[in-house]
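Here is a brisk report on one protein model. Keep the sequence and the coordinates open while reading.

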Amino acid sequence: MSRGYDEITSFLGEWGPFQRAIFFLLSSSIIPNGFNGLSVVFLADTPSHWCHIPTNANISDQWRNVSIPLEEVNGELQYSKCRRYSLGAIRNLSAMNYLPGVDVNVTEIKQERCLDGWEYSQETYISTIVTQWDLVCSNDWKIPLTSSVFYLGVLCGSFISGQLSDRYGRKVVLFGTMAVQTCFSVIQVFAPNWGAFCVLFFIVGMGQISNYVAAFVLGTEILGKSARVLYSTLGVCLFFAIGYMLLPLFAFCIRDWRMLQLALSVPGFLYIPLWWFIPESPRWLLSQGRVEEAEEILQEAARKNGIAAPTRIFEPGELQVSDWASKRKQSHSILDLLRTKNICTMTIMFFAVWMTVSVGYFALSLNTPNLHGDPYLNCFFSAATEVPAYVVAWLLLRWFPRRYSMSVTLFLGGVLLFFIHLVPPSLTMVSTALEMVGKFGITAAFSIVYVYTAEVYPTVVRNMAVGACSMGSRLGSIISPYFIYLGTYDKYLPYILMGSLTILSGVLILLIPESFRVPMPETIDEMQIIKGLKPKMSSYNLQSPAEAE
């Protein structure tokens, strides 16, 4: 009888020096993703700005001081960011020695656009891409689009990363895409215009998700079962949060966007030596028929763990997939996720939940510069909330039902976000605290939904199901910047929308069957039924008699 891979390699143990090194080296490779993935928070922030009044405008100081009109924004009077009083009219009035507010009612003067550009406050930033290319007023739509372009690259990268990894190997793709992310991030420093910056940002997004997926898969394939769970739920997540927490530190020390982008890119080169310490996945090598190379890696792992490995680890004929199983695997497609009413409904519901959670997570992460207080501290607190969120999610996954864990964390996040609009404007610290705790709930739900989705779907379509549902996450990240953009019209509108959608997702998740301590289904017919649907014989087997055999 042939043995499984885990059984054959059990002689290595679960947590020796080899496994610990792989765990921490691969987890550390995720750190640059934390600060590169959210660098747009500071690179594309909009400082205070107003219309530029040329020094040679030939107007008196009195008229220069009132040349920018006041506007009411969210109940407060502020200098207009996009309008000024007609410079020609002011010049004529100044030449006639009229005094503003004495001889002339300034508010009756005709207004015009900022025809001579803008001036930007340098209190927080020396420069951002907004100040570099004047992405304000009629061009402010380019700011959320910049973030969406990056996440569009993430979407495209998620399509190709799996195929590249399966074809060329986990290690090659991991380091190749890390090189893409690092090198194109450096090239971004020299972007001559906003369009070029976005094209490069798209490529960086493709590299970012590809190396994340490659590191995730490589770790789960090399590590044993117990370490694998810890790595996939805590390892990559916590190290991503560490990278995220480093972002405001870099940005605080470096206020110019080009130098900041360079500083965030350079650490990627520090991972080059890891090529000689991280091996290829023995599982992938075996799938390619490269048994000798797989054995060499496992022999070296045994040596590092101080264990005597068998002279021949893999006996001839072991680990070969039977013809029946091979055919069965090939007989399923993405359309099977819509084949029956039960699996179709479940896929739509999971897709919606993934999208909502992603919108909440990324919108709240991108919104930190708009909160009251120091933007660097706000970003750090936003990143720091993820650490306890991942730990709580791990504990919930170990001890509590998935459905209720997801629902509670979603309700926590949604209710607190929704209540922000009820907080008096003077209590800004309360609003910020509610947003941080709300993000804690959404982040925990984000961590749980991966496991929950994988457990509910049957083995024959599990990978496809997780991939299809995660598409909702990618789409959510693409539209999330526009939720923040809605705040330019009403600062509470994003919170009301995100809170409502998150609460709705918390209700939807209660309809999905529980998977905690329930054997995972192998076939579509073994799936549990969604609440409210009547169980009936699936037509799937009637259409696929070969599978029944």
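## Model and overall build

A residue counts as buried when its relative accessible area is under 20%, and as exposed when that area is over 50%. The model is predicted. By that cut-off, buried residues make up 51% of the 549 residues in the protein. The accessible surface is about 25700 Å². Carbon and sulfur atoms account for 63% of that surface.

The secondary structure comprises 24 helices and six strands.

## Confidence

The average pLDDT of the protein is 84. A score of at least 70 is reached by 90% of the residues.

Two stretches call for care. Over residues 321-330, pLDDT stays under 50. The model gives this stretch five contacts beyond four places in sequence. Residues 537-549 also have a pLDDT below 50.

## Helix α2

Helix α2 covers residues 17-28.

The buried residues of α2 are Phe 18, Gln 19, Ile 22, Phe 23, Leu 26, Ser 27 and Ser 28.

## Disulfides

How many disulfides does a search of the whole structure find? It finds two. Counting bonded cysteines along the chain, the pattern is 1-3, 2-4.

Cys 51 sits in strand β1 (residues 49-51), and Cys 114 in the loop between β5 (111-113) and β6 (118-120). The pair links distant parts of the chain, 63 residues apart. The torsion about the S-S bond is -60 degrees, and the link is left-handed. Cys 51 and Cys 114 are both buried.

The other disulfide joins Cys 82 to Cys 137, at 2.0 Å from S to S. Cys 82 lies in the loop between β3 (76-79) and β4 (83-85), and Cys 137 in the loop between α7 (129-133) and α8 (142-168), so the bond ties together parts 55 residues apart in sequence. Its torsion is about -100 degrees, so this disulfide is left-handed. Cys 82 is partly exposed, at 29% relative accessible area. Cys 137 is buried, at 16%.

## Two further cysteines

Cys 183 is partly exposed, with a relative accessible area of 35%. Cys 237 is buried, with a value of 12%.

Glu 386 is found in helix α18 (residues 386-399). Is Glu 386 buried or exposed? It is buried, because its relative accessible area is 0%. Its side chain makes a polar contact with the side chain of Lys 439, at 2.9 Å.

Leaving aside neighbours within four places in sequence, Glu 386 is in contact with Phe 240, Ala 241, Tyr 244, Tyr 361, Ser 365, Lys 439 and Thr 443.

## Ala 263

Ala 263 lies in helix α12 (residues 257-265). Ala 263 is buried, with a relative accessible area of 18%. Beyond residues up to four places away in sequence, Ala 263 touches Phe 250 and Ile 254. Ala 263 and Ala 251 are 12 residues apart in sequence, and their C-alpha atoms are 9.2 Å apart.

## Positive phi at two asparagines

Most residues other than glycine have a negative phi. Asn 58 has a positive phi, near 60 degrees. Asn 58 lies in the loop between β1 and α5 (61-65). Asn 58 is exposed, with a relative accessible area of 63%.

Asn 97 has a positive phi, near 60 degrees. Its place is in the loop between α6 (87-95) and β5. Asn 97 is exposed, with a relative accessible area of 63%.

Technical notes. Residues numbered from 1 in each chain as written. Predicted model: local features only at pLDDT ≥ 70, side-chain atom pairs only at ≥ 80, totals over all residues. Heavy atoms only, no water. Helix = DSSP H or I, 4+ residues; strand = E, 2+ residues; numbered from the N terminus. Buried < 20%, exposed > 50% of the residue type's maximum accessible area, 1.4 Å probe, protein only. Areas by Shrake-Rupley, 256 points an atom, 1.4 Å probe, with all protein chains shown as cover. Expected span 1.5 Å × (residues − 1). Disulfide = S-S within 2.5 Å. Contact = heavy atoms within 4.5 Å. pLDDT = per-residue confidence, 0-100. Polar contact = N/O pair within 3.5 Å; in protein donor to acceptor, adjacent residues only side chain to side chain.
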